[in-house]
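Here are my notes after a look through this one. Have the structure open as you read.

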Amino acid sequence: MATEMEEKARREADMDKTRQLILSTCTALGGFEDRITSTGDVQKVYLVGDEALPCLKDLKRIIRVDEVWARQVLIDLNVLETDLIPIILTHKRLNTPIAERFVLACLEIIVPMTWPMPKLMAPDIHPDDQKTFRNMEASYRKMKHQLLEKGIFEAALKICVKALQIPFRERSTRDEAVIRLMIYFWRNLTAISDPLASTMASGEKIYESALQELLFTRLFESRVMELILTIASNTGTTDSTEWNTVLLEILFNLLEHTSAKAAYDATGEETPSSEMSGRLSAMLSSEKKVKKFSAEPAPSRHNRFGGSYMVQGWDGKKHVAMRQNAGYAKLDTIFSVQEKNLAGVKRKQLEETGAHPGYQGGRALLYLKQFSQSFMESCFNPFFSSLFKSMQREDKLILETDHHRYYFTKCWFLEFITYEIHAATVAYHEREEERRRKAKDTLILPSRQQPAQESLILPNRANNATSRTNANETQSPASSPQPGQASEDQEEDRLRFDYDLVANVIDLTVLGACMRRIRVCLDGKQWLDVQLTADCLRQMLIIVNGMANSATPEYREVADYIQSNLYHEQSTLDIFPDLFRTYKSQSFGYLEVVIKLNHVILKLLERFSKQHKVMFVRKKRRIRAKKNKAAAAHEDMADADQGMQQPDTVVIDSGDEDEEDERELNLAYREHIFAFETFEKRFVNYECVRVCCELLECYQTLKPESLHCITSLFHRLMVKRKAEHLFWKLPVLELFNRILQDKTRLAKSAALTNLYQFITFVTRQFFKKANLYPLLFVEVFFKVEPCKLPTQPAKSSLTSSAVDPIRIDDDE
């Protein structure tokens with residue numbers, strides 16, 4: 001005990017000594033002094049001390065000894081605002097080696113000060129350290145705001161560009177360290193997260209929640225983003241490969257909370273007052289709708305008796321409500337969240353992506369759009385190809401967190417290029433239609449030398465070709481345009497965004513690696529990685545679908561090749577039903593991605609199977625060792641009783657076969673004819689409907705795209721697969737009833753209209769069947785197979801009518 005106390009006292013003494021040393025060193029850096037300008041005004045000017053450069057080096061040595069405590073002391077002393085930033089701004093305009101050394105020395109201290117907090121300091125740490133964590137977050141945001149001052153990024157960029165201009169083989173170790181230091185400086189700033197701020201928060205809180213947007217604006221205006229584009233476009237070379245992961249982290253931090261659709265729709269124009277008024281009105285109306293949904297009926301003085309109701313869900317959980325009106329009230333208004341479910345709710349909130357608000361300013365969104373367009377044109381293929389190769393060879397620079405950053409960032413840019421390609425295609429078709437209309441409306445004047453109507457002119461076959469040639473030459477230019485006559489600007493606009501920009505990523509090898517990543521994360525229960533990877537796979541499949549529908553034959557051939565090989569593996573197709581089967585309590589973002597991905601794959605696979613009448617799928621054979629003949633015969637009889645659903649089995653005689661033949665048989669596969677109806681039947685189960693209904697519970701705030709995917713899956717099960725019994729259950733019917741009751745309070749959209757039509761169809765079919773089979777009202781409480789109504793035998797002749805009906809039923 002005494003030893004621990006002595007160790008603690010010695011540690012405190014060392015920390016106090018370090019603090020005094022840092023304080024004395026920072027005092028010698030310099031300070032502000034009042035100076036009188038030529039106009040007679042008093043201005044504060046920072047004067048650098050005589051020993052400022054050695055003091056900065058001393059601070060660097062102190063940080064190396066104890067980084068955590070030195071960082072805390074420097075933050076408490078506010079050295080960044082009082083000394084480091086003024087020193088940088090003082091020397092930024094000087095083109096001397098001394099000024100460069102001052103700026104570089106300051107950045108060598110700023111980078112450790114803004115280094116991302118370790119994983120141990122997370123929101124789920126011990127309650128005693130929560131206050132320390134919040135103070136550190138506030139200090140980091142304060143430093144981020146201070147470093148946004150104009151001139152700091154320009155000074156750092158100047159030093160970095162000077163080192164990059166040196167050829168790779170001629171760079172020294174110092175030059176490489178300078179480049180790495182500058183990249184980490186910008187990485188640290190983008191890694192500082194912004195706080196969540198509601199509309200009722202203070203102005204300071206709202207300003208802090210938009211620091212990432214201000215940071216991106218400063219990075220773009222100071223031309224730092226151009227440097228990032230230059231490095232990313234050269235990632236295939238030797239001198240840029242080591243910075244791939246850092247650039248990936250920068251892009252991930254900048255794009256994490258902003259949608260690609262918002263960047264694509266950016267125009268850069270200021271929002272007019274009328275549009276702002278419309279937004280405010282929409283927000284007020286949505287707030288009123290939320291209040292209507294959340295309002296509960298107030299109790300009256302006639303509630304003299306109590307009530308206790310217990311409802312057991314499909315997942316086996318029991319919910320108890322001690323209320324009198326629980327027998328006829330809505331289920332979502334009587335069940336409160338219990339304490340044992342708070343951990344699950346917290347985990348769902350942590351796993352959600354995009355919880356922070358994205359970029360709101362028109363200028364930041366316009367800058368993001370311009371950056372994304374330049375990135376797609378010059379950086380997308382080499383950057384993500386280099387990262388993929390590093391992941392394939394398991395490079396030591398690739399961490400586990402880099403995988404979900406890779407798939408998220410790639411999905412973001414793929415979604416952005418999808419919008420750009422669609423817009424370019426629509427504009428091209430509009431120009432072609434306008435050109436045809438102008439050519440059709442052009443008046444062609446006849447030649448003045450016309451023969452007399454009375455004279456008969458016989459055609460000359462020898463001069464027939466020459467006459468046609470002359471006639472074509474004398475046509476109007478509008479009616480027969482020359483190949484080079486089209487506008488070059490229009491041709492460039494048409495070819496600016498095309499599928500060639502993503503050719504290296506939309507590859508069969510990349511798709512296969514993505515599928516394997518989903519399988520590995522599913523087995524390891526890494527749900528966030530499954531969500532991001534599945535969303536990236538969905539976006540790649542959308543690109544493949546666009547290539548299949550393209551007018552270019554080369555794109556159609558590539559899409560056909562990718563789909564034919566992708567659907568050839570049975571293990572690939574097994575992943576999609578497993579995503580439904582493994583869902584338990586993941587986030588709603590995960591659930592939304594799963595439903596969208598299955599909607600896309602079913603659409604693509606159905607269309608591809610219709611285009612190809614015969615498809616083959618490769619299944620892996622099941623291998624088992626051969627036992628004695630009696631046991632083998634018994635197993636064969638058991639397999640025959642189970643039916644033809646089991647995969648083919650290869651029997652190996654371990655005593656007769658050698659090791660080489662056994663290894664070849666273990667890798668044996670067999671091809672089967674693929675039937676889309678068989679694959680579609682794998683979704684005909686209660687789990688698929690239950691998972692979709694869990695997401696449909698949020699129908700008040702659900703996006704139209706998600707509603708469309710759910711309705712499409714329901715229609716596929718109900719109409720195409722004739723699995724109406726899956727919807728004739730109490731939880732599903734109760735949810736449909738709530739949606740119809742809130743029909744007048746929900747916003748009108750095409751997706752909701754289709755959902756209303758489907759619900760009406762389901763309920764009508766249910767009551768039609770219930771009139772014929774009244775026990776259906778009992779079966780809604782249980783998971784049973786579809787009921788089969790007794791059918792009367794047809795009386796085809798007099799002899800059949802004389803037969804005893806009981807005997808006929810027995811024979812049947």
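This is a predicted model: local features need pLDDT of at least 70, side-chain atom pairs count only at pLDDT 80 or more; totals for chains, interfaces and linings use all residues.

1. Start with helices α7 (residues 152-164) and α8 (residues 173-191). Their axes lie 8 Å apart, and the packing angle is about 145 degrees. The crossing of α7 and α8 is left-handed. On the α7 side you'll find I152, F153, A156, L157, I159, C160, A163 and L164, and they meet D175, V178, I179, M182, F185, W186 and L189 of α8. By type, the residues of this contact come out as 14 nonpolar, no polar and 1 charged.

2. The spacing in that list is worth a glance. An α-helix has 3.6 residues a turn, so residues three or four places apart point the same way. Among the α8 residues in the contact are D175, V178, M182, F185 and L189.

3. Next, helices α11 (residues 224-233) and α17 (residues 362-378). Here the axes come within 10 Å and cross at roughly 15 degrees. With a cut-off of under 35 degrees, that makes α11 roughly parallel to α17. The handedness of this crossing is right-handed. M225, L229, A232 and S233 come from α11, meeting F371, S374, F375 and S378 from α17. The contact of α11 with α17 splits into 5 nonpolar, 3 polar and no charged residues.

4. How much of α10 (residues 211-221) is buried? Most of this helix is covered, with 8 of its 11 residues buried. After α10 comes R223, which has a positive phi, near 70 degrees.

5. Is R141 buried or exposed? R141 sits in helix α6 (residues 130-146). With a relative accessible area of 12%, R141 is buried, as the cut-off is under 20%. Leaving aside residues up to four places away in sequence, R141 touches I192, S193, D194, P195 and L211.

6. Finally, the largest nonpolar core, which has 195 residues. Helix α26 (residues 588-611) gives the most to this core, with 12 residues. F185, F375 and F727 have the most contacts inside the core.

Definitions and conventions. Residues are numbered from 1 along each chain as its sequence is written. Side-chain values use heavy atoms; hydrogens and water are left out. Axes are lines fitted to C-alpha atoms, for helices over the stretch in contact, and angles run from 0 to 180 degrees between N-to-C directions. Helices (H or I, at least four residues) and strands (E, at least two) are DSSP runs, numbered from the N terminus. A crossing is left-handed if the near helix is turned anticlockwise from the far one by less than a right angle, and right-handed if clockwise. Contact means heavy atoms within 4.5 Å. Ala, Val, Leu, Ile, Met, Phe, Trp, Tyr, Cys and Pro count as nonpolar, Asp, Glu, Lys and Arg as charged, and the others, Gly among them, as polar. Buried means under 20% relative accessible area, exposed over 50%, partly exposed in between (1.4 Å probe, protein chains only). A nonpolar core is a set of buried Ala, Val, Leu, Ile, Met, Phe, Trp, Tyr and Cys residues joined through side-chain atoms within 4.5 Å. Angles under 35 degrees count as roughly parallel, over 145 as roughly antiparallel, 65 to 115 as roughly perpendicular and the rest as oblique.
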